Amino acid sequence: MEKAINRQKVLLDHLRPSSSIYSSDSSISASECLAGDSAAYQRTSVFGDDVVIVAAHRTPICKAKRGGFKDTFADDLLAPVLKALIEKTNLNPNEVGDIVVGTVLAPGSQRASECRMAAFYAGFPETVPVRTVNRQCSSGLQAVADVAAAIRAGFYDIGIGAGLESMTANPMAWEGSVNPKVKIFEQAQSCLLPMGITSENVAHRFGVTRQEQDQAAVESHRRAAAASASGKFKDEIIPVPTRIVDPKTGDEKPVTISVDDGIRPNTSLSDLAKLKTVFKKDGTTTAGNSSQVSDGAGAVLLTKRSVALQKGLPILGVFRTFAAVGVDPSIMGVGPAVAIPAAVKTAGLELDDIDLFEINEAFASQFVYCRNKLGLDPEKINVNGGAMALGHPLGATGWVSFWGRKIRTDMFRLGVCGARCVATLLHEMKRRGRDCRFGVVSMCIGTGMGAAAVFERGDAVDEFRNARKVDSHEFLSKDAR
């Protein structure tokens, strides 16, 4: 860049007026160019310091308690994806600075131990530390963001962000009693609302009809079935050798699970219309237009671009920005509608610049609302299906004593979604090539939050941040129109 500025100065010396009436400190000066279509964002960072993703994989997502992982230990879900990151990149595991695992339901100390055990199963040495993080539904994405932030801060050069949930092993339950103080704070009370009720609140307040929700569910299954049948998930899924136990005889059968087992290819509007609502007698939320209760794991390997280039690692994507926001807990599903604009703005982009979205489908009501509120093109969102078809590790239904009466608390929480969505997004962006530059992962979060992250395809820019070709005009910046 210094050479370019020096060339500018030489050129500008020739352009300066020679007359003495002009001051020597002319307003014409050389400077770094901040133009370039939407890629003017992030120009203050050094190209080699970009945080990049060099591998992203997940297990299949299976139905809890009755799917392919019903007899699989949680650490046996995480270990295969951690091992795959190392084997597929030929990276020395000693070089990994930290492994951060997003997880929700299991007791904190138990799950932390399971994750450490999984790292050993995967071949990591004792010198590589492991920790867990819990931001409920966005825990997997939070783990990725935490690793990216640590790399940018210089804590280490290589890290892994992962997600893990086994709803089979860890059903949702509230331990102990609820603080009576919650009666004084309305928003605190809303944190205890069943997630299904928040779905009904979104549908009622924003006019999302039952037919719109059922149609979204049908489309999710249709797209997921097509993607699975065409082999689109093969690059991201790591087959998991495990066992299936016959509940009657106790006999164990060795199996290898390699496909998602929650997809229903023949789902139709007429079938979904027959389902009864679950949370409200005259409501619109059913088992068919809600996310599934699931088991699974995912992991993402991140590093600095300079390290990836030095080691000859493939650059699948670039981590650009992350945003977590708070919203009204009673309508927690609207989170992505607030988080996505925040993350996109931080990246210096506009919604129209985003080519693909992976928005978690906790409920069809909130998914449809967020899509409509942001005015997003349906053909850009969840192009390979979403959580209503693939599964939402995890969800739960339990009972908690609250002010002396029983209240149903179906707390849909997610530890894997972020890692799964990142893997699905980046592999799809890679397939689409130069027609797809930016992607967003987002989800709502129980108790009223939302999270979103912006990613860029790995080979989308060069060292000077040159961007996609602009055919409509010859200006370098949108501001020049």
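Visitor: Which residues touch the most other members of the largest nonpolar core?

Guide: This is a predicted model, to start with. In its largest nonpolar core, Leu-78, Val-96, Ile-99, Phe-124 and Ile-160 touch the most other members. The core has 38 residues.

Visitor: Let's look at α2. How many of its residues are buried?

Guide: 12 of its 16 residues are buried, so α2 is largely enclosed by the rest of the structure. Leu-77, Leu-78, Val-81, Leu-82 and Ile-86 are among them.

Visitor: What do those buried residues pack against?

Guide: They pack against β1, β3, α3, β5, β6 (240-245) and β8.

Visitor: How far does α2 reach?

Guide: From first C-alpha to last, α2 reaches 24 Å. That is close to the 22 Å expected at 1.5 Å a residue.

Visitor: What follows α2?

Guide: Asn-90 does, and its phi is positive, near 55°.

Visitor: New topic: α7. How many residues does it have?

Guide: Helix α7 has 20, running over residues 210-229. It reaches 29 Å from its first C-alpha to its last, close to the expected 28 Å.

Visitor: Which of its residues are buried?

Guide: The buried residues of α7 include Arg-210, Gln-213, Asp-214, Ala-217, His-221, Ala-224 and Ala-225.

Visitor: What covers them?

Guide: The cover includes helices α6 (195-206), α8 (269-273), α11 (364-374) and α12 (387-390).

Visitor: What about just after α7?

Guide: There Gly-231 takes a positive phi of about 80°.

Visitor: You mentioned α11. At what angle do the axes of α10 and α11 cross?

Guide: They cross at roughly 40°, and the axes come within 8 Å. That angle makes α10 oblique to α11.

Visitor: Left-handed or right-handed?

Guide: Right-handed, as α10 passes α11.

Visitor: Which residues make the contact?

Guide: From α10 come Pro-336, Ala-337, Ile-340 and Pro-341. From α11 come Gln-366, Tyr-369, Cys-370, Lys-373 and Leu-374.

Visitor: Why would residues three or four places apart point the same way?

Guide: An α-helix has 3.6 residues a turn, so residues with that spacing point the same way.

Conventions. Residues numbered from 1 in each chain as written. Predicted model: local features only at pLDDT ≥ 70, side-chain atom pairs only at ≥ 80, totals over all residues. Heavy atoms only, no water. Core = buried A, V, L, I, M, F, W, Y, C linked by side-chain atoms within 4.5 Å. Buried < 20%, exposed > 50% of the residue type's maximum accessible area, 1.4 Å probe, protein only. Helix = DSSP H or I, 4+ residues; strand = E, 2+ residues; numbered from the N terminus. Expected span 1.5 Å × (residues − 1). Contact = heavy atoms within 4.5 Å. Axes fitted to C-alpha atoms, helices over the stretch in contact; angles between N-to-C directions. Parallel < 35°, antiparallel > 145°, perpendicular 65-115°, else oblique. Left-handed = near helix turned anticlockwise from the far one by under 90°.
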